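The entries follow in the order in which I went through them.

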Amino acid sequence: MLILGGLFLLQTNVKSQDSIEKELIRQLDSMYRVLFTFNYVDESTYEPTFSTFHSRLDSIIELSDEKELKKSYYKGVNIKFLHLKYQDEYVLSRKLLDRTRLYALENNDSTYYGQFTYFLGTLFSRQDNKDSALVYFEGALRIAREAGDRQVEAASINAIAVMYAGLDRDDLAVQYYYKSLKVAQKVGDTTQVLNAYGNLATVYGRLSDGDSTLYYGLKAYDLATKLEEPAIRWHALNSLTIGSFLKREYNRAIDYANKLTEEVMPIEELGFLITSNLYRSKSLAAQGKSVASYRYAVKSLELAEEYGVVTGRMRALEWLVEVTVRGNDFEKALTYERQRTHLQDSLNKLDANKRIENLSARYESREKEEKIASLNSLQKETKARQQTQTLFLSALVLLLIVSVLYVYKVLKAKVAEEKMAKQKAKNELLRTQLNPHFLFNALSSIQLFLIDKGQGSHALMYLSKFAKLMRRILENSRRDMVSLDSEISTLRHYLDLQKIRFDNRFEYRINVNTADNSSDIMIPPMFAQPFIENSLEHGIANVENGLIEISFSQEGETLKFRVEDNGIGISKSTSLREVSDNHEPLATEITRDRIDLLKRQLKKNISFIVEDKVGKENEIIGTQVIFELPIQFAS
């Protein structure tokens, strides 16, 4: 089908450039469709055409470059990127995109520059790096609007919507999907129209809007079938299954689930069946077919575990709890709920302890009912004995219930008090971490790179670092403990950004000396950050060669970490602040509150010292803050 060597060149010498490019694009379109026949998950299923696909594609790209056929060149690179991405070859994919973006810039191809910037965003998205993905999607959107490229504009808006959906912001996701659809329809980009239809169907399914889910699901299915886009057609069948269930059209939901199964089973793309099996199970349950419902719910869970789809596992476990409770199988319900709770806790999303307690109580209650039934059978033997036992048991149960309720009330009040104290400490810590001066200066630095110095790439890099730091701070603010590795990484992000802000007028060193693996050691997040900020703002702000040293060392069952600087010292710094403020520094006050809370939780002593560093001549040479915490390990 393809003749790309010398013979091809001889045959096409008489053809015009347009006819050559038209033929190459026809071949590339054929290769694009072939992409979806490869099972990238299982290398053992690769067909013979897979091994030659790469070399054939490179031949077209080389020929297009040689003859300066830009359309076929960029289209070939696009397909090559997809081929590498689906094989999870992230390093090679990144190099290809960087090389192509540079090529587009050198040739003033702004449209393609925006397109491949968008592809870079999709690569980061595939790696679940939403911060970097958003940076490149927004960059692609800006480039596309400047170049008047409505297709890349629609794709970028759609991708931003996908990011919002991944962050559970379906309200914003719907808005961006509509914007994407509007732009795509205006320019007649059927591929982006298809993506918008499919995504709108998916998000409306999550919002439990049956009418809209069916409407956009049908549009996506019809257009995907017409354009021969099997992956999107399978997603559409999932949406149609969900929409039919939401509309209580259970037979129709099962029909869509069956159709999806028929299409994906031959090529073993079973990941698409996670959602359809779940809603098939719900439809069967609505029809009173409890056994079949349970079977498909288990299949949904097994596939979600096999393919590592965490949200799929969560939804399947939630439904299995409900199915087993309906069937009065509280033991299984408790098992599934414990699995669901463990998974939920690992994601730090919801506290499901109350649900476990409720299911435990119901399970225990069922056991008690069985025991009471056994006692009633003994009543026939002797009425007097049964009455005595019944009264005694009733009194015991009543006493137990009263005792449990009392203890529960006391513990609940204590837990609520502890949670309020912890939340207050977290909120105060978060306010110090998100210091307005730091935010303002960080954004000013971005403006300096982007506008004043014209260093757009530096601004994007800085913005990416800044976004990652903000995300880390917000995520860690919801956690009581983080690993020492994670803490060190966050501090490096923070100090790297501060170095840019302070024009590299200071250096920092972080030293770690622990017997155990630092990834297993857990510490409170950003415990020393307020003092690092004090060092920057008040200690070494006016020092040309500032130095901040941070050290972590394990001494027996104690983790000792120290923050030192070569600034003016805590005494002088405090006296300067007291001219306008008579309060104890906020960092010290918050840290003392956190230490008091940790002492109550761990029931162990925690040492905390802030003092001047003194030199050989008894002169002040800086400040040091020393913490000694009991070693905590990851569970």
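I call a residue buried under 20% relative accessible area, exposed over 50% and partly exposed in between, with a 1.4 Å probe and protein chains only. By that scale V410 is partly exposed, with a relative accessible area of 42%. I note that this is a predicted model, in which local features need pLDDT of at least 70, side-chain atom pairs count only at pLDDT 80 or more, and totals for chains, interfaces and linings use all residues. Residues are numbered from 1 along each chain as its sequence is written, and side-chain values use heavy atoms, with hydrogens and water left out.

Nonpolar patch. I found V410 in helix α19, residues 383-433, where a helix is a DSSP run of H or I of at least four residues and a strand a run of E of at least two, numbered from the N terminus. Together with Y406, V407 and L411, V410 forms a nonpolar surface patch of about 400 Å² of accessible area.

Negative patch. I listed E62, D65, E66 and E68 as its members. D65 lies in helix α3, residues 48-66, and is partly exposed at 37%.

Sheet. I traced an open, antiparallel sheet of three strands in the order β1-β3-β8, strands being paired if DSSP finds at least two bridges between them. β1 (482-483) and β8 (632-633) are at the edges with a single partner strand each, so one side of each has no neighbour in the sheet. Two bridges join β3 (residues 521-523) to β8, and I521 has F633 as its bridge partner there.

Conventions. Patch = residues over 30% accessible without salt bridge, like charges linked within 9 Å, V, L, I, M, F, W, Y side chains within 5 Å. Areas by Shrake-Rupley, 256 points an atom, 1.4 Å probe, with all protein chains shown as cover. Salt bridge = Lys/Arg side-chain N within 4 Å of Asp/Glu carboxyl O. Lys, Arg positive; Asp, Glu negative; His and termini not counted. Charge placed at Lys NZ, Arg CZ, Asp CG, Glu CD.
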